[in-house]
Amino acid sequence: MRTKSLIAVLLSLCLLVSCTKFDYDKLRSRDGIMMYIGSTSYELMYAGSNNCTGIGYEIDWDGNITRYVGYQITETLYDYAVLSEKDYKTLYEFAEHSRKTDPFKNYSERVYDGWVWDFEYYFDEGEDPFTIYHGYCYQQKELQEILDLLKSYFPSIEYIPAPTVEPDNTEEPDNTSETIEETVIDQLTPLGYVSVDQFKSYYGLDGINDDSYIEDFILFQQITEEQMFEYDYGKELTDSIANGDYSLFGYNMNWNVLNYQEIEIESRDAIAEATGNARWIYMVFEVPIPDSDETQRVTMLSDLYHDKYYYDVDENNYRNSRKRTNLTELAREIQVEMIPEDAERQNPDRDKYALSYEYDVYIFSYDREYIHISNDSTYRFHQSFDIYWKLVYYRIFCTEFEVSSSGT
């Protein structure tokens, strides 16, 4: 009797394995959609801009992938790829496991705004698709791995930011003119300044191993080839490094405030334009410590030129800040495109929007100009700005900002 029971158990296990066995050829012979994974952007968008509104991946049973990318203005763009057998198996087993165990049923993330994703599995042509997950998933490792897998099939076609809308009256290029010899410029000196290689060669600076110092020095000093021949910038650069003075590289934020030209804010459009052309966005706050009369100084800096983010900023040389990381794509989009609503001017009850802390925001341009926004500015944002900078922090560190006496 005991032997028969054991055999029955083994047979059941064998049947279970055979039912769930991955048969690549048989699965690929099915028609229609296997999975749809798509997103909708809930980020703030302005009329006239051409932001990406959503990305979708349609995976057919035959292994073909169609990617959709939607925009506010331009038409939806399409791209195509074919899954490898290994990745096909990964997606299929992920979908089957999700359908049987529903692991994300009670999962959710608290996010201010961003990209909401839908994962749907069309397991049976005659049934409604099974919803694997719907919502934000920035911190869900397994879902992010699935998204990374799909993104890997389109490495050179991100479509973010949106494609440029060409004007209808674009003139044909004049092909009769003589070919102009291109000036050799460094990729990181887009404004036509002297290249790093030219600068190093002319001044004999082969001993400097970190070219980023040279490229930032060139950009900050706005050095052209003609100017290089008239002044010894090489000595100025090496002396600055030797003396630990990084103000001439743009790394000293106090020096920038004192020596940049402040531009008066005449309209909200001026703020939007400054943010769109910014090299740095520097934020300084005095945030109250809970259950205390003291405040914590919070400093954040986004280096939009190098896609770097700094927290607890060393104002003498921000590259030495306590926290340094890459500026994420979402955080960059927020910084550049999202200007908080002017809550004060939308509601006559202005005291309601007063904050219990001071804030100063400096938007520095490449042309050594800056706009200063604070509690006392003509255009101030208060509570909506409070949400703005905390959203940036969340996008960088994937955790909500919490003030503490020991530092965040």
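Helices, taken as H or I runs of at least four residues, and strands, taken as E runs of at least two, are the DSSP runs numbered from the N terminus. The views below all show a predicted model.

**Figure 1. Overview of the protein chain, with its 13 helices and 13 strands.** Of the 408 residues in the predicted protein chain, 42% count as buried. Among contacts in the chain with a separation of 6 or more, 64% are made by residues 24 or more positions apart.

**Figure 2. Helix 6 and the residue that follows it.** Helix 6 spans residues 211-221, and because ten of its eleven residues are buried, the helix is largely enclosed by the rest of the structure. The buried set consists of Ser 212, Tyr 213, Ile 214, Glu 215, Asp 216, Phe 217, Ile 218, Leu 219, Phe 220 and Gln 221, and these residues pack against helix 5, helix 8, helix 9 (253-259) and strand 8. After helix 6 comes Gln 222, which has a positive phi, near 55°.

**Figure 3. The crossing of helix 5 and helix 6.** The axes of helix 5 (residues 196-203) and helix 6 come within 9 Å and cross at roughly 100°, so that helix 5 is roughly perpendicular to helix 6. On the helix 5 side the contact involves Val 196, Phe 199 and Lys 200, which meet Asp 211, Ile 214, Glu 215, Phe 217 and Ile 218 of helix 6. By residue class, this contact comprises five nonpolar residues, three charged residues and no polar ones.

Figure 4. Helix 8 covers residues 233-243 and includes Ser 240. Ser 240 counts as buried because its relative accessible area of 7% falls under the 20% cut-off. A polar atom of the Ser 240 side chain lies 2.8 Å from the backbone oxygen of Glu 236. When neighbours within four places in sequence are set aside, the contacts of Ser 240 are with Asp 245, Leu 248 and Phe 249.

Figure 5. The strands follow one another in the order 7-13-12-8-9-10-11, and their pairing is mixed. At the edges stand strand 7 (261-262) and strand 11 (323-326), each of which pairs on one side only.

**Figure 6. Strand 12 beside strand 8.** Strand 12, made up of residues 358-365, is mostly covered, with six of its eight residues buried. Eight bridges link this strand to strand 8 (residues 278-288), and the two pair in the antiparallel sense.

**Figure 7. The hairpin formed by strand 12 and strand 13.** Strand 13 (residues 369-374) runs antiparallel to strand 12, and five bridges join the two. Across this pairing, Asp 360 stands opposite Ser 374 of strand 13. The two strands form a hairpin with three residues between them, and in the turn Arg 368 has a positive phi of about 60°.

Notes. Residues numbered from 1 in each chain as written. Predicted model: local features only at pLDDT ≥ 70, side-chain atom pairs only at ≥ 80, totals over all residues. Heavy atoms only, no water. Buried < 20%, exposed > 50% of the residue type's maximum accessible area, 1.4 Å probe, protein only. Pairing = 2+ DSSP bridges. Polar contact = N/O pair within 3.5 Å; in protein donor to acceptor, adjacent residues only side chain to side chain. Contact = heavy atoms within 4.5 Å. Axes fitted to C-alpha atoms, helices over the stretch in contact; angles between N-to-C directions. Parallel < 35°, antiparallel > 145°, perpendicular 65-115°, else oblique. Nonpolar A, V, L, I, M, F, W, Y, C, P; charged D, E, K, R; others polar.
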